[in-house]
Amino acid sequence: QVQLVESGGGLVQSGGSLRLSCAASGNSFSIYTVAWYRQAPGKQRELVATITRVGNTNYSDSVKGRFTISRDNAKNTVYLQMNSLRPEDTAVYYCKIPGVGSWGQGTQVTVSS
């Protein structure tokens with residue numbers, strides 16, 4: 001079974017950038033679609049971006065043009081490059097294989113105004 005661990009969060013000023021990493025352990029990581037989600041305080045978890053095993057990507061409207069999802073199957077890692085960050089991007093960010101496994105602890109991203 002594939003397990004995922006998120007890292008790379010932190011505190012950044014509005015307009016800044018962060019790169020999140022999602023490191024996978026286990027076999028067959030490269031065959032899966034992987035998604036980044038986020039959950040802000042008092043709000044439901046929302047889908048941010050997905051990447052298929054062949055690198056096709058999709059983004060929510062709220063991050064399109066600012067965030068880039070990518071993967072390095074040789075390193076068993078998926079990344080989320082976040083640019084032009086806004087205070088409303090503040091949330092705990094999670095990576096997950098849709099429909100597989102459980103949620104991890106996530107990584108906190110805080111954007112100050």
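In which loop is the place of Ser-60? The model is a predicted one, and in it Ser-60 sits in the loop that runs between strand S6 (57–59) and strand S7 (67–72). Ser-60 has a relative accessibility of 16%. The cut-off for buried is under 20%, so Ser-60 counts as buried. Its side chain makes a polar contact of 3.1 Å with the side chain of Ser-62. When neighbours within four places in sequence are left aside, Ser-60 is in contact with Leu-47 and Val-48.

In soluble globular proteins, nonpolar side chains tend to be buried together. Here the largest nonpolar core has 28 residues, and the members that touch the most other members are Trp-36, Leu-80, Met-82 and Tyr-93. Two or more residues come to this core from each of strand S3 (18–25), strand S4 (34–39), strand S5 (46–51), S7, strand S8 (77–82), strand S9 (91–96) and strand S10 (107–112). The element that gives the most is S3, with four residues.

Charged pairs come next. Side chains of opposite charge can pair when their charged atoms come close. How many salt bridges does a search of the whole structure find? The search finds four. One of them is formed by Asp-89 and Arg-38, whose closest N and O atoms are 2.9 Å apart. Asp-89 is in the loop between S8 and S9 while Arg-38 is in strand S4, so this pair ties together parts that lie 51 residues apart in sequence. Is Asp-89 buried or exposed? Its relative accessibility is 0%, so Asp-89 counts as buried. Arg-38 is buried as well, with a relative accessible area of 6%.

Asp-89 also forms a salt bridge with Arg-66, and here the closest N and O atoms are 2.7 Å apart. Which residues are linked with Asp-89 in a network of salt bridges? The network consists of Arg-38, Glu-46, Arg-66 and Asp-89.

A further salt bridge joins Asp-61 to Lys-64, with 3.3 Å between the closest N and O atoms. Asp-61 is exposed, at a relative accessible area of 69%. Lys-64 has 49% relative accessibility; the cut-off for exposed is over 50%, so Lys-64 counts as partly exposed.

The last topic is the covalent link. A disulfide is a covalent bond between the sulfur atoms of two cysteines. The count for this model comes to one disulfide. Which residues does the disulfide join? Cys-22 is joined to Cys-95, with an S to S distance of 2.1 Å. The link of Cys-22 and Cys-95 is right-handed, with 80 degrees about the S-S bond. Cys-22 lies in strand S3 and Cys-95 in strand S9, so the pair ties together parts that are 73 residues apart in sequence. Both Cys-22 and Cys-95 are buried.

Methods:
Residues are numbered from 1 along each chain as its sequence is written. This is a predicted model: local features need pLDDT of at least 70, side-chain atom pairs count only at pLDDT 80 or more; totals for chains, interfaces and linings use all residues. Side-chain values use heavy atoms; hydrogens and water are left out. Buried means under 20% relative accessible area, exposed over 50%, partly exposed in between (1.4 Å probe, protein chains only). A polar contact is a pair of N or O atoms within 3.5 Å; within protein, one must be able to donate a hydrogen and the other to accept it, and residues adjacent in sequence count only if both atoms are side-chain atoms. Contact means heavy atoms within 4.5 Å. A nonpolar core is a set of buried Ala, Val, Leu, Ile, Met, Phe, Trp, Tyr and Cys residues joined through side-chain atoms within 4.5 Å. A salt bridge is a side-chain nitrogen of Lys or Arg within 4 Å of a carboxyl oxygen of Asp or Glu. A disulfide is a pair of cysteine sulfur atoms within 2.5 Å.
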